[in-house]
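Subject: Structure handover

Hello,

I am passing the structure on to you below. My notes on it follow.

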Amino acid sequence: MWSQEGEHASYAPVVCRGSGVELEHTTPEPSSGAAAAVRPPRKVGCRLVWALTVVLAIVGCCWAIVGSNARPVAKRRPFQAALFAAFGSDEAPILAPSQQAFEVGRTIYAVGADHRLYKQELQDLGTETSWKLAASGHFKSLAADGAMLYTVGEDDGRVYAQSVLNMSLEAEWRVSSAGDVEWIALSGDPADTIYKVGADRRIYRQSLRNMTASSPWAGPFCAGARVKSIAVAGDTLFGVGLDDEVHLQALSALGSSNKWGGSIALDASISSFTIAGSNVYGVGVDGKVYRQVATSKWELAARGPMRDVAIGQSAARWLKNDPTWSRSGGDDVGLWASTIADDNWGTPASEGPANLLGGGRWRTRWHDIRDQWFVLDLGRAMSVAAVRVQGAVGEPGKSPRGLRLQFAWGLLGPWSDAVSFEGAKEAWATAWLPMATMSRYWRLYVNDTWGSGGEGEDMCIVSGFALAAAPSPNVPQVTPVAASPRAQAGGGCHERFVVPPKPVKATDYNGLELAPVCLNRTQGPHHVFIIGDWGGIVDKEGQPPKPADHRGDLFPEQQRPFIVGVDDAAQLRVAREMAARAPSSRPDYILNVGDNFYWGGVEALCGARLGTERTRTGQWRAIFEEIYRGPGLDWVQWLGVLGNHDYGGFTFTSGWDQTIAYTWETEEPSTGRWVTPALYWRSKVHYADFSVDYFFLDSNVYDAFEPDEFTGHNLCSVEHNPADATCAPQGPSSVADCPHWFRDIWTTQNTWLVNGLTTSSADWQILITHFPPTWGKEYWIPLTRQFGVDLIISGHRHHQELHAPNDEGNVLGPTPFLITGGGGGITSQETPSEDGEDDQYGFMDMTLTSETLKIEAISHGGQLRKTIEFGPRYPEVPLAWAASVSEPGLQTRRRATTRQSVVAEAPSVRSLRQQTQASGDSRGLEGRWQVDESLRSTSA
């Protein structure tokens with residue numbers, strides 16, 4: 001029984017000692033008011049324990065004598081070995097610092113035998129330390145993620161959430177899920193998925209961010225195996241079975257039919273446990289708390305009786321407006337000091353954000369009470385659980401009403417909503433985030449004021465602001481790398497891809513170079529998913545997307561059988577396999593080769609104000625945001641280009657500019673993942689020991705013919721475009737202008753690309769475009785050879801192809817290329833199989849290292865269809881001038897100086913193309929474009 005002193009509960013241990021055996025039985029101390037009578041330790045059972053110990057010792061000796069002749073028994077993996085394997089290492093996880101450093105700023109929370117919540121500072125944990133009562137309630141299980149705690153109600157089986165900053169005996173817990181829950185565990189850093197043991201003792205899961213009191217759970221998993229409790233470490237799920245053994249399975253291999261992948265030995269009678277870093281904290285069958293540190297054995301860590309434990313953060317605090325939180329930061333706040341990164345007023349020192357954080361107030365410009373904001377740079381990534389905003393003191397009508405707290409991975413966004421809430425007149429309004437969110441950059445966005453409904457208020461005033469935040473021990477600062485002047489102007493090196501402010505026209509940023517991205521804080525291997533031609537059609541609201549049927553009478557060359565369960569669910573099948581692979585691959589980003597929505601792109605006309613058509617169509621939510629989600633996919637950015645169907649398929653007037661505009665979308669349904677800021681653009685990614693230059697290109701000139709040519713498959717078709725069709729001023733001004741506009745884009749892009757490849761200092765150069773290089777191969781062959789392009793990524797053809805450097809069918813050899821047009825937005829070119837043993841629908845998983853690129857083709861059935869791996873592709877000396885070079889076939893390590901020296905001697909791509917034009921080939925940049933008839937049968 002817990003003591004009734006309210007804050008502390010104490011226990012007296014009973015110890016039986018003898019011959020290397022020490023067993024401890026906990027007997028609670030009875031309490032009576034403020035003073036409790038302390039009984040002497042009981043020795044009941046000690047003699048029996050001693051006798052059993054002697055018997056076991058004798059049996060052990062006998063077994064040792066005969067053991068050499070006994071048949072060896074297969075051993076289960078020790079628990080720590082399995083734990084390290086979950087992190088992909090035979091040793092302690094890299095994330096785990098020293099034990100002392102790990103414990104600082106962390107708290108161990110426990111559900112007691114009385115179902116209340118208790119806590120101790122982890123660094124003070126010990127058998128002589130009393131547990132402190134943390135929260136009233138009636139709980140049976142808990143899990144922690146930074147500054148957020150999740151518990152399971154004993155009475156109703158619901159999941160409840162609370163921040164450690166708001167923890168008190170009186171604080172109410174927020175209901176986060178429906179009932180029928182026995183046990184919970186979290187995965188991801190920060191957590192993005194919650195797993196439960198249901199009342200049926202089976203395992204289920206759902207997205208933590210999207211969890212509500214009515215949201216469904218997916219499952220059951222592990223072939224319906226029944227368990228008592230669960231825990232997660234890295235990519236591994238552990239479950240204590242009804243047989244009291246601990247079983248495990250990779251999260252990426254979870255499925256309704258997949259059984260456990262193995263079992264492990266706990267070497268102790270543990271009923272539940274939690275894993276933090278390389279340390280394991282468990283509750284024994286005796287109710288006490290035990291601990292394993294690194295590879296040591298279990299040791300008694302704290303008194304009980306307890307039911308479950310979790311490790312959370314205690315170094316959390318309210319960051320609020322006071323003199324210590326100034327524009328330049330203050331010693332009292334240290335690393336958590338805020339630097340005012342930006343505002344929407346222009347004079348932050350005078351009633352701007354700096355004044356607010358210095359103890360004053362913030363106000364908008366005169367007559368500006370809507371869509372106002374200010375941005376904060378916290379100095380490092382922090383886990384934010386809540387926000388507080390105080391209205392205008394003494395001027396209630398000027399108090400903010402509609403408020404949004406937003407976060408981003410860079411100063412310039414794109415911004416995603418963390419929570420929307422209503423402000424208060426003069427008073428403080430507090431809003432708790434649905435889940436703790438990790439970010440360095442935050443923005444307070446004001447929609448309107450309490451007086452904007454008719455009281456004639458002409459400004460908005462915020463008198464106080466605070467964030468409930470805790471630093472993340474697992475998100476160290478990124479060391480900036482040298483960047484180009486243009487990149488430095490964009491804010492240095494970022495942890496995510498950051499775009500400049502929203503443009504006026506969709507083509508304003510053609511040729512854009514994003515600020516570099518630094519992913520050198522994470523250990524490899526580094527994965528990137530690749531997909532194309534993925535966006536299907538929705539016939540009726542609420543129904544899932546299905547592929548556009550390309551087998552109709554208009555496409556006689558595409559006639560083939562329809563495979564029910566595959567052809568009607570291709571996009572969903574591919575998305576499912578991406579979600580299954582993501583927890584183990586953990587892609588850094590996703591490369592998208594276009595044809596995002598069938599049949600004709602975003603269902604809007606080009607030329608509207610950017611960002612205005614997203615709500616009407618509903619395509620972004622139903623076909624993108626709600627399809628590609630789950631652990632390892634949530635928040636992962638998609639970097640892409642446009643395909644011919646994004647323009648309209650056989651028109652040029654669909655909402656292709658709205659596809660670009662979605663890059664800056666901040667309102668629902670956007671999750672801030674979409675990055676397509678221009679028709680052609682580039683970005684550099686820095687890893688720990690190598691870098692990659694990505695060039696995103698528009699190749700839709702290959703489907704832009706004269707208006708009266710190939711009218712059934714021509715963006716500029718006079719048959720399908722209205723006579724007055726226009727996308728001016730950002731696109732073709734007329735049907736007649738259409739082919740010229742696409743040629744101009746291509747010509748300008750070519751000059752930009754050559755300059756970019758010439759000056760590239762990255763270890764890898766990768767081109768991403770929609771049309772495969774078999775279209776216009778006379779252009780791609782000299783380009784890839786002259787500059788040593790390492791890889792071309794494309795789509796358009798509705799199946800999957802991987803061409804290694806020396807493959808017989810590789811027209812670019814030795815430059816590899818791939819086609820990933822089987823994303824499932826349109827029926828495949830050939831007939832798929834029900835089990836996915838085909839190359840019709842799927843995606844690619846690329847692994848990057850300093851020495852090699854490895855690409856794996858994954859089918860819609862999760863089958864690994866093909867793998868290629870290759871090293872860097874160095875610039876070549878063209879044969880026409882090789883004799884003038886001392887080493888024919890010269891190769892050079894890819895660095896800017898050597899690359900430029902080679903390029904300086906090489907003839908330009910333009911001159912090579914002029915040579916091919918002189919020989920009779922009319923498909924040049926400046927000439928009239930013609931279609932390659934051999935490819936039209938497979939074009940889409």
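Which side chain is joined to that of Gln 406 by a polar contact of 2.7 Å? The side chain of Arg 443 is; a polar contact is a pair of N or O atoms within 3.5 Å, where within protein one must be able to donate a hydrogen and the other to accept it, and residues adjacent in sequence count only if both atoms are side-chain atoms.

Before the rest, some ground rules. This is a predicted model, in which local features need pLDDT of at least 70 and side-chain atom pairs count only at pLDDT 80 or more, while totals for chains, interfaces and linings use all residues. Residues are numbered from 1 along each chain as its sequence is written, and side-chain values use heavy atoms, with hydrogens and water left out.

Overall

The protein has 15 helices and 47 strands. Both are DSSP runs numbered from the N terminus, helices being H or I with at least four residues and strands E with at least two. Of the 940 residues, 56% are buried, where buried means under 20% relative accessible area, exposed over 50% and partly exposed in between (1.4 Å probe, protein chains only). Among contacts with a separation of 6 or more, 67% are between residues 24 or more positions apart; contact means heavy atoms within 4.5 Å.

Gln 406

Gln 406 lies in strand 28 (residues 402-408) and counts as buried because its relative accessibility is 0%. Val 419 is 13 residues from Gln 406 in sequence, and the two are 7.2 Å apart in space, C-alpha to C-alpha.

Nonpolar cores

A nonpolar core is a set of buried Ala, Val, Leu, Ile, Met, Phe, Trp, Tyr and Cys residues joined through side-chain atoms within 4.5 Å. The largest one has 82 residues, and the members that touch the most others are Tyr 589, Leu 591, Trp 656, Tyr 694, Trp 780 and Met 846. Helix 11 (residues 738-759) supplies the largest share of this core, 9 residues. A second, separate core has 27 residues, among them Val 566, Val 574, Ile 627 and Ile 858. In soluble globular proteins, nonpolar side chains tend to be buried together.

Beyond its neighbours within four places in sequence, Tyr 694 is in contact with residues that include Val 528, Tyr 589, Leu 591, Trp 681, Ile 768 and Met 846.

Helix 11 also holds Gln 749, which is buried because its relative accessible area is 3%. Apart from neighbours within four places in sequence, Gln 749 is in contact with Tyr 680, Leu 697 and Asp 698.

The second largest pocket

A pocket is found on a 1 Å grid over the protein atoms alone, as an open set of points where a 1.4 Å probe fits, with protein on both sides within 12 Å along at least five of seven lines; lining residues have an atom within 4 Å of a point. The second largest pocket is lined by 29 residues, with Arg 205, Ala 218, Arg 576, Ala 579 and Arg 629 nearest its centre. Strand 14 (203-207) and helix 6 (570-585) are the elements that give two or more residues to this lining, and helix 6 gives the most, with 7.

Backbone

Most residues other than glycine have a negative phi, and most peptide bonds are trans. Here are some exceptions. A cis peptide bond joins Tyr 598 and Trp 599, with omega about -5°; Trp 599 sits in the loop between strand 36 (590-592) and helix 7 (614-617). The bond from Ala 728 to Pro 729 is also cis, with omega near 5°, and Pro 729 is in the loop between strand 40 (691-696) and helix 11.

Asp 180 has a positive phi, near 75°, and is in the loop between strand 11 (174-175) and strand 12 (181-187). Trp 635 has a positive phi near 75° and is in the loop between helix 8 (619-625) and strand 37 (638-640). Asp 180 is partly exposed, with a relative accessible area of 43%, and Trp 635 is partly exposed, at 22%.

Regards
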